[in-house]
Amino acid sequence: MNPYKADICCIGHITLDKIITPRHTAYMPGGTAFYFGHAMSHIGADNFLLVTALAPSEKQAVEDLRKEGVSVKVLPSQNSVYFENTYGENSNDRTQRVLAKADPFTIDGVKDVEATIFHLGTLLADDFSLDVLKYLSTKGRVSIDAQGYLREVRGESVFPVDWNEKEEALRYVDILKANEKEMEVLTGLTAPREAALRLAEMGVKEVVLTLGDQGSLIYADGTFHEIPAYPPIDVVDATGCGDTYMAGYLYKRAQGCGIYESGCFAAAMCTIKLAASGPFRATPADIVAIISGS
């Protein structure tokens with residue numbers, strides 16, 4: 001029996017994050033892999049696999065995930081990714097620096113991994129080569145977060161860039177998540193519906209656009225789905241909100257739920273996550289309560 005077989009597999013680096021907000025400064029693990037993994041463990045996803053690459057100094061983050069019941073495959077890396085995230089009063093305003101980079105993922109590193117859905121948690125433009133993306137598309141559905149493909153590190157600073165290989169790469173992507181800034185970089189369009197249509201023309205099957213307090217817009221099979229944004233209980237830390245959203249969305253989609261139901265579940269998870277620092281730690285009952293307004 002293959003220990004690296006799952007319904008959903010998230011591949012991404014666990015990072016060391018320094019998070020600076022107007023209220024406090026904190027050091028904690030982070031990255032798509034970290035936030036996605038913890039979210040999946042708390043919503044009861046029992047057939048989930050996390051593939052990550054990090055330095056031995058960050059191994060405690062993996063052990064903590066394993067204690068929560070998450071299956072983790074660790075690939076060796078000389079360094080872990082070290083991010084410094086500085087937020088303004090508006091949680092959508094973030095400045096980043098990268099103080100260290102991890103090794104990129106390779107085909108050899110994922111050859112023994114099987115999944116129905118692969119979610120690529122890109123943090124930096126060179127995390128996943130086009131060859132790795134193509135390879136995974138032959139094994140299952142591919143979901144990606146556009147954010148990392150649009151970040152380039154020069155020195156310690158992170159610069160927004162376009163995704164040079166997007167025209168070819170997006171043909172292999174089933175589900176793409178982007179926020180309003182990322183969608184504009186990818187398409188040159190500021191209207192979410194127009195941007196969604198353009199991304200679909202590039203080959204994406206399900207376009208997921210997260211629009212902050214305006215909710216989210218999902219386009220698939222010729223239909224737009226407008227997902228509400230649930231009012232936050234408090235706004236404490238937006239780090240990991242997009243990753244939490246995608247954990248909820250892919251979890252429900254893998255269960256066979258429709259796009260609107262999956263989007264609402266994901267949006268409610270985001271609302272809960274926004275109210276606390278660190279990863280999502282609520283329950284499915286808490287999510288249902290947000291959706292129902294109770």
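1. The side chains of Arg-23 and Asp-234 come together in a salt bridge with an N to O distance of 3.9 Å, a salt bridge being a side-chain nitrogen of Lys or Arg within 4 Å of a carboxyl oxygen of Asp or Glu. The pair links distant parts of the chain, 211 residues apart, with Arg-23 in the loop between strand S2 (15-20) and strand S3 (25-30) and Asp-234 in the loop between strand S15 (223-227) and helix H8 (241-254); helices (H or I, at least four residues) and strands (E, at least two) are DSSP runs, numbered from the N terminus. Arg-23 is exposed, at a relative accessible area of 57%, whereas Asp-234 is partly exposed at 33% relative accessibility; here buried means under 20% relative accessible area, exposed means over 50%, and partly exposed lies in between (1.4 Å probe, protein chains only).

2. A word on the basis of these values: this is a predicted model, in which local features need pLDDT of at least 70 and side-chain atom pairs count only at pLDDT 80 or more, while totals for chains, interfaces and linings use all residues. Residues are numbered from 1 along each chain as its sequence is written, and side-chain values use heavy atoms, with hydrogens and water left out.

3. How many salt bridges does the rule give? The count comes to 19 salt bridges, and Lys-18, Glu-84, Arg-97 and Glu-156 are joined in a network of such links.

4. Another salt bridge is formed by Lys-177 and Asp-145, whose closest N and O atoms are 3.5 Å apart. Because Lys-177 lies in strand S12 (residues 175-179) and Asp-145 in strand S9 (residues 141-145), the pair ties together parts that are 32 residues apart in sequence. Both Lys-177 and Asp-145 are buried.

5. Glu-226 and Arg-193 also form a salt bridge, with 2.8 Å between the closest N and O atoms. Glu-226 belongs to strand S15 and Arg-193 to helix H7 (residues 192-201), so this pair ties together parts that are 33 residues apart in sequence. Glu-226 is exposed, with a relative accessible area of 53%, while Arg-193, at 40% relative accessibility, is partly exposed.

6. Arg-151, found in strand S10 (residues 151-154), deserves a separate remark.

7. Helix H1 (residues 32-42) is largely enclosed by the rest of the structure, because 10 of its 11 residues are buried. The buried residues of H1 include Thr-32, Phe-34, Tyr-35, His-38 and Ser-41. Just after H1, Gly-44 takes a positive phi of about 90°.

8. Two packed helices are described by the angle between their axes and the distance between the axes. The axes of helix H9 (residues 259-274) and helix H10 (residues 284-292) come within 9 Å and cross at roughly 105°, the axes being lines fitted to C-alpha atoms, for helices over the stretch in contact, with angles running from 0 to 180 degrees between N-to-C directions. H9 is therefore roughly perpendicular to H10, a term that covers 65 to 115 degrees, whereas angles under 35 degrees count as roughly parallel, those over 145 as roughly antiparallel, and the rest as oblique.

9. On the H9 side, Cys-264, Phe-265, Ala-268, Met-269, Thr-271 and Ile-272 meet Asp-286, Ile-287, Ile-290 and Ile-291 in H10. By class, this contact of H9 with H10 has 8 nonpolar, 1 polar and 1 charged residues, where Ala, Val, Leu, Ile, Met, Phe, Trp, Tyr, Cys and Pro count as nonpolar, Asp, Glu, Lys and Arg as charged, and the others, Gly among them, as polar.

10. Helix H8 holds both Thr-244 and Arg-253. Thr-244 is buried, with a relative accessible area of 0%, and touches Ala-39, Met-269, Cys-270, Lys-273 and Phe-280, not counting residues up to four places away in sequence. Arg-253 is partly exposed at 22% relative accessibility, and, with the exclusion of residues up to four places away in sequence, touches Glu-206, Gly-258, Ile-259 and Ser-262.

How values were computed
Contact = heavy atoms within 4.5 Å.
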